[in-house]
Amino acid sequence: MNTAVETMQREFVAIVGASHVVSEPAACSALSVDGKAPQCVVYPASAADVTAVLRCAAELGLAVIPCRNGTKLGTGNPPRRYDVALSLKDMNRVWHYEPDDLTVTVEPGMKFGDFQHFVGRQGLWLPLDPPGGARASLGGIVATNATGPLRLYYGAPRDMVLGMKIATVEGKVVKAGGRVVKNVAGYDIAKLLIGSYGTLGVIVETSFKLFPLPAGRETFVMPTGTLSIARDLRRRILHSPLTPLRMVLLNPSAAELTLAGTPLERPVKEPEIWLEMAGSPRVLERCHGELEGLAKAAGAPLQRLASADAENVWTGISDLQSWLPGRSPGVVILRALLPDAASEELLSRAEQEAENDKALLAGFAQLGVGVLHFCLLSEAATPAVLGLIRRLRGAAESLGGVLIVERCHWDIKDRVDAWGSPGDDFAVMKKVKETWDPKGTLSPGRFLGRA
Amino acid sequence: MKPRPLVRELTRLLGPDAVLWRTEDVMLYEYDGLSVTAPPEAVVLPSTTEHVVGIVKLAAREGVPVVARGAGTGLSGGSVAMEGGIVIGFARMKRIIEIDIENLRARVQPGVVNMDLTLAVGDQGCYFAPDPSSQKACTIGGNVAENAGGPHTLAYGVTTNHILGLEVVLPDGEIIHTGARFWDRPGYDLTGFVVGSEGTLGIVTEITARLSRKPEAVKTLLAIYDDVLDAPRTVAAITARRITPAALEMMDGFTLRAVEAAFHAGFPMDSAAVLLIEVEGLRETVEDDADQIEAICQENHAREVRRAKSAEERDLLWRGRKNAFGALGRISPNYYVQDGVIPRTRLPEMLGFIGQVGQKYQLRIGNIFHAGDGNLHPLLMFDARDKDQTVRVTKAAGEIMAKCVEMGGSLTGEHGVGIEKRDLMPLIFSADDLEMMQKLKAVFNPRGTLNPAKLLPTTKMCGEIRVQISTGGVL
Ligand SMILES: Cc1cc2nc3c(=O)[nH]c(=O)nc-3n(C[C@H](O)[C@H](O)[C@H](O)COP(=O)(O)OP(=O)(O)OC[C@H]3O[C@@H](n4cnc5c(N)ncnc54)[C@H](O)[C@@H]3O)c2cc1C
């Protein structure tokens, strides 16, 4: 072991104790990012630990990536350097919980599934269906502003975070916002951290606004024949008084893939819209009637699903990243963001592009939200996949959107910017980054603007 | 009186009809809703982003401050040019540039009046959700700068939840575009950071806003109480039963008598408090929620629960609520509006505390709360000509603020820090927190020439409560 690594370990052990610093290759490679493994994993137990570790790492000129279960570590450009994985696994306490105020303050390492269970006992939830699902950590969800199709009705972490505490590389803890549901005192610093992918500071505590669990939920499926029928249905549904919680359009490959291995497994020949409605039995009855009418007018049949089956499918749709690579190891996952009305158009162009390359594309469009996931399933040769990714990015951009590479093999990551090109506000973003992290200690190279 | 060189240059840039500089002309721009006054050297009325760029470049060269101004309805002194300089008024940048119903988006200039956007999309079944009580006058630029709320932000969120992107002119004249026409563009959320920054980071010259769809059904309830504390108890009970009304507003007896005298909205003159509650959504949901809420009100000893029977009745109730500040203005020479936030379960306790503070300082206090989200607006009545009263008002307001903080709340829920609460900031933020804010401010506004003396305290010294109110007419 070289002396630099020894120094670093000694320093960290002095801060968090020997049992909280691990350098076994297995532990390190479990948290490797784009083929790079850290030299060690540090497990802080408190905000004070985090600040001390960060300050020490900054002084030693090390690169740190904050993480938990690694459900979203694949997203981003390959790290320029990576020495320390800062795992927040041991920070999962609840500091304040006021169910009747609908507020809670928690540490970042708490797993989303445990959290939902915890607040669910009082009929509450954080209405998100992020990638990573139950395994995702709250800190990771906030740091990536992670959402799924539920964004349609409930919004994003950005809309649910009331405040946070952030450990900085200077070794300080900075507070942003507060614990009450309305608050405009001072700059809204939390907004900068939400979606910053661990590049500014380490979130050591977050206060959320909670929501009542819906009375009842029901999922409906509409096979739509063609994408233009799908577009028509989307417009009719979103322009009706109905307010779906979530609504997705799946192309046949996407639907088949999602249903495979579930009790609902079946061949799928046409695009399908899946949507979930909420309310009392009376409301759900009415939704059923109206959706039936809308579907009939568009020449599409309507199917009503049992809730247990439906929940599985929704988990599958919102958490592609967790199960898809297991089934299709070389899968490339792309996320397009664009004005919602162009969703079907982009899906159609993407299918065309994939077909030209004889590639298999599963497309998931979160309707009403303007988010599409494209999964490229075939193990195409590297240059071909790169070409396809670039053309899909071109298609998204020509429709006024952007395309993010969420997952691909690290050997092509070097040749495509995960985020796409930044805008005219990039110079300000760089200064924001320098303000928080002047030495580039946190997740260097991973975020926007790889030259 | 001859125009100074700065004024001459501004005139060259914008034309003579877009520059005000005579004392009597700039006087109208000396104050906002807070009544701290300071005269600007010049007021300019640009029509385009390029004009704004020209103005800030000139200001940068001359080293004079620049302060953006919407309608001047702000309640924390945000648009007052504390150190003089140029006030940029947005009265001529009030074009709705684009409405895109399918994507539920609108692109507007900052001077568009909040209500005008809602009216422009109304016949297409849409509206702009943030609805400050001042919405007939205040601008969307001002809403963005203050991160304004309103009665219906309980269910739908405040301004920041409805803004997707901004065009911002930085103090050196650079134009940046933050966000996008869709959510979550990769990169730091500069849109979210600029919203609520009170004009201290950049001048907003264009706004991409999200539109919302009007609900199918609305029901408005008025719950009337003989004991003032039963109203906040009802609020806590509604929240605890997991019902989220679209709006949940409270007025105490003192306030509603003033409102009734002014507007004849149908509020009972002899009651101790009312809750104005609105539920929205599908017909069936609204009926169920209204029934449940009515039952909760009864359990909490409401004397009576009325339901608005027509759109006119509903409008009248809301007109009373939204003009409540003005109504109180009619019965007192001056009043001072506070804007604190507490956890909503603590409302009964807080109401009791405000009563004690009123007694201690011999002040009449009217209470108007966005009760559903724990946002308090106690209105302290006083006569600014009486020095002693003014001092007492300041002290009383300080005590109420300190109590909000003690309860785990905040100094301001929607009116902003401005000049008013700048020196209270150390009550909730540490020196490290404030230093980070200062550093981030410097990224955008390194020389501090944009809206100087606002939002951040002048010293890091903790604690000294100094709520600044000067004499002069309020509103
Ligand atoms: C009777 C009454 C009721 C009110 N009710 C509410 C309420 O329910 N909820 C609420 O939130 N507020 C309320 N307010 C406060 C006020 O109306 C809001 O803060 C409003 O958003 C201010 O808008 P304005 O156009 O008047 O802005 P101004 O008062 O002119 O300016 C406010 C701030 O915005 C900045 N600013 C304005 N335009 C720009 C721009 N283009 N770029 C950058 N900065 C800019 C100014 O510099 C200033 O700091 C009320 C006020 C009154 C008088």
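1. A salt bridge is taken here as a side-chain nitrogen of Lys or Arg within 4 Å of a carboxyl oxygen of Asp or Glu. By that rule, Arg181(B) and Asp100(B) meet through their side chains at 3.5 Å, N to O. Arg181(B) lies in the loop between S9 and H7 of chain B and Asp100(B) in strand S5 of chain B, so the pair ties together parts that are 81 residues apart in sequence. Helices (H or I, at least four residues) and strands (E, at least two) are DSSP runs, numbered from the N terminus.

2. This is a predicted model, in which local features need pLDDT of at least 70 and side-chain atom pairs count only at pLDDT 80 or more, while totals for chains, interfaces and linings use all residues. Residues are numbered from 1 along each chain as its sequence is written, chains are lettered from A and ligands numbered from 1 in the order in which they are written, and side-chain values use heavy atoms, with hydrogens and water left out.

3. Arg181(B) also forms a salt bridge with Glu98(B), at 3.0 Å from N to O. This pair links distant parts of the chain, since Glu98(B) is in strand S5 (residues 96-100) of chain B and Arg181(B) in the loop between strand S9 (175-179) and helix H7 (190-194) of chain B, 83 residues apart. As for burial (buried means under 20% relative accessible area, exposed over 50%, partly exposed in between, with a 1.4 Å probe and protein chains only), Asp100(B) counts as buried at 14%, whereas Glu98(B) is partly exposed at 24% and Arg181(B) is partly exposed at 33%.

4. Which residue of chain B forms a salt bridge with Lys172(A)? The partner is Asp432(B), with the closest N and O atoms 3.6 Å apart. Lys172(A) sits in the loop between strand S8 (161-167) and strand S9 (173-177) of chain A and Asp432(B) in helix H15 (residues 431-444) of chain B, so the pair joins two chains. Lys172(A) is partly exposed, with a relative accessible area of 24%, and Asp432(B) likewise counts as partly exposed, at 27%.

5. Over all chains the count of salt bridges comes to 62. In chain A, a network of them links Asp129(A), Arg217(A), Arg246(A), Glu276(A) and Glu311(A).

6. A further point concerns Arg242(B), which lies in the loop between helix H8 (230-240) and strand S13 (247-252) of chain B. With neighbours within four places in sequence left aside, Arg242(B) is in contact (heavy atoms within 4.5 Å) with Pro99(A), Asp100(A), Leu102(A), Gln122(A), Gly123(A), Leu124(A) and Pro212(A). Arg242(B) and Pro16(B), by comparison, are 226 residues apart in sequence and 58 Å apart in space, C-alpha to C-alpha.

7. Chain A as a whole comes to 17 helices and 19 strands. Its C-alpha trace spans about 70 × 55 × 40 Å along its principal axes, and buried residues make up 63% of its 451 residues. Of the contacts in chain A with a separation of 6 or more, residues 24 or more positions apart account for 73%.
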